[in-house]
Amino acid sequence: MDVGKQTIENRALAAVQLLSGADALSVLRVYDEGVIITDADGQILFYNDAQARIDDLSPEFVLCRHVTEIYNLSREESLITRCLDGGEPIYGHLFFYRTRRGKVANTICSAYPLKHDGILVGSICIVKNYNLLEKTITGASLVPPDDRPLLGNGTRFQFTDVVG
């Protein structure tokens, strides 16, 4: 591991320790929702594999870059910079964006300021892939199967079943 990457890992570890201890980083690496951790300036310190899949980018490419550079957003458009600028969390925001590779991401994001002794030290953003969620919900059978036998025309119901 090179010195630059080791420094980033150390800074990310320090940020995550503010959340819940040294074990949190290993949990966030494998978390099934996207996770981005930035410093107070908006530089990305941590970017997990789930977020890499949503954005179709490698963590190595993203780390040490400013969030607006990666997402091609203004400070006003970026939830992370809005969270950093306002110092307040942003909950459950529907967010559509086009990734650097042209993929359209349909997400639900929450951004939270990270503070230590009342001083803003960074942010953490949790990103749900709404496209994946939508596919999961529509793919699930929400109606129990009907036990009626198929009729001769391949259906289970007649017009009188619907009309009454």
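At 37% relative accessibility, Asp 56 falls in the partly exposed class, because that class spans the range between 20% and 50%. The coordinates come from a predicted model. Asp 56 belongs to the loop that connects helix H3 (49-55) with helix H4 (59-62), and its phi is positive, at about 60°, although the residue is not a glycine.

**Backbone geometry in loops**

- Asn 72 is another residue other than glycine with a positive phi, here near 50°.
- The loop between H5 and H6 contains Asn 72.
- Asn 72 has a relative accessible area of 70% and is therefore exposed, the threshold for that class being over 50%.
- A positive phi near 55° is also found at Asp 117, in the hairpin of E4 and E5, where 2 residues lie between the strands.

**Overall fold**

- The chain contains 8 helices and 5 strands.
- In sequence order, these elements follow the pattern α-α-β-β-α-α-α-α-β-β-β-α-α.
- The chain has 164 residues, of which 37% count as buried.
- Among contacts in the chain with a separation of 6 or more, 37% are made by residues 24 or more positions apart.

**Strand pairing around E5**

- Strand E1 (residues 34-39) runs antiparallel to E5, and 6 bridges join the two.
- Within strand E5, Ile 124 is the residue that stands opposite Ile 37.
- Strand E4 (residues 104-116) also pairs with E5 in the antiparallel sense, over 10 bridges.
- Ile 108 has Lys 128 of E5 opposite it.

- Strand E5 includes Leu 120.
- The relative accessible area of Leu 120 is 25%, so this residue is partly exposed.
- Beyond its neighbours within four places in sequence, Leu 120 contacts Ala 40, Leu 84, Pro 113, Leu 114 and Lys 115.
- Leu 120 and Asp 85 are 35 residues apart along the chain, and their C-alpha atoms are separated by 9.7 Å.

- How many cavities of 30 Å³ or more does the structure hold? There is 1 such cavity.
- At least two lining residues come from each of helix H5 (67-71), helix H6 (79-86), strand E3 (90-98) and strand E5 (119-129).
- By residue class, the lining of the largest cavity consists of 11 nonpolar and 2 polar residues, with no charged residue.

**Aromatic pairs**

- The structure contains 3 aromatic pairs.
- The ring centres of Tyr 71 and Tyr 97 are 5.4 Å apart and the ring planes stand at 90°, so this pair is edge-to-face; the cut-off for that class is an angle over 60 degrees.
- This pair connects distant parts of the chain, with Tyr 71 in helix H5 and Tyr 97 in strand E3, 26 residues apart.
- Both Tyr 71 and Tyr 97 are buried.
- The pair of Tyr 91 and Tyr 112 is likewise edge-to-face, because the ring planes are at 70°, with the centres 5.8 Å apart.
- Tyr 91 belongs to strand E3 and Tyr 112 to strand E4, so their pairing ties together parts 21 residues apart in sequence.
- Tyr 91 has a relative accessibility of 58% and so counts as exposed.
- Tyr 112, with a relative accessible area of 29%, is partly exposed.
- Tyr 71, Phe 95 and Tyr 97 form a cluster linked by ring pairs.

**Where the topics meet**

Note on methods. Residues numbered from 1 in each chain as written. Predicted model: local features only at pLDDT ≥ 70, side-chain atom pairs only at ≥ 80, totals over all residues. Heavy atoms only, no water. 1 Å grid on protein atoms, 1.4 Å probe; cavity = no way out; pocket = protein on both sides within 12 Å on 5 of 7 lines; lining within 4 Å. Points joined across faces, edges and corners; volume = space filled by probe spheres on them. Helix = DSSP H or I, 4+ residues; strand = E, 2+ residues; numbered from the N terminus. Nonpolar A, V, L, I, M, F, W, Y, C, P; charged D, E, K, R; others polar. Pairing = 2+ DSSP bridges. Buried < 20%, exposed > 50% of the residue type's maximum accessible area, 1.4 Å probe, protein only. Contact = heavy atoms within 4.5 Å. Phe/Tyr/Trp six-rings, centres within 6.5 Å; stacked < 30°, edge-to-face > 60°.
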